[in-house]
Amino acid sequence: VERSRGLGDVYKRQRLNIARELLLKNRENKNMNIAEIAYEVGFNDPKYFTRCFTKYFNTTPSSLLNEEG
């Protein structure tokens, strides 16, 4: 039985999804770096953002940013 997740987790997943979209948009022009994207979606600590992102998407933000699209 999967336990119900808290509202904070729902918000965090939503912020991670927004961050993923920003990373994909920034592949070509590199207007924002990973720390700026982390702050933009509401994370105060880029290292914590990277840990959460990697856990959720099974890839690092930098890997996604630098992939050829």
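The model is predicted: local features need pLDDT of at least 70, side-chain atom pairs count only at pLDDT 80 or more, and totals for chains, interfaces and linings use all residues. Residues are numbered from 1 along each chain as its sequence is written, and side-chain values use heavy atoms, with hydrogens and water left out.

**Exercise 1.** Determine why the end-to-end distance of α1 agrees with its 23 residues.

*Solution.* Helices are DSSP runs of H or I with at least four residues, numbered from the N terminus. The expected span is 1.5 Å times one less than the number of residues. After α1 comes Lys30, with a positive phi near 50 degrees.

**Exercise 2.** Identify the buried residues of α1 and what covers them.

*Solution.* Buried means under 20% relative accessible area, with a 1.4 Å probe and protein chains only. In α1 the buried residues are Leu16, Ala19, Leu22, Leu23, Asn26 and Arg27. Their cover includes α2 (34-40), α3 and α4 (61-66).

**Exercise 3.** Describe the largest nonpolar core and the contacts of Phe43.

*Solution.* Such a core is a set of buried Ala, Val, Leu, Ile, Met, Phe, Trp, Tyr and Cys residues joined through side-chain atoms within 4.5 Å. The largest one has 14 residues, and Leu16 and Phe43 are among those with the most contacts inside it. Two or more residues come from each of α1, α2, α3 and α4, and α1 gives the most, with four. Leaving aside neighbours within four places in sequence, Phe43 is in contact (heavy atoms within 4.5 Å) with residues including Leu16, Phe49 and Cys52.

Definitions and conventions
Buried means under 20% relative accessible area, exposed over 50%, partly exposed in between (1.4 Å probe, protein chains only).
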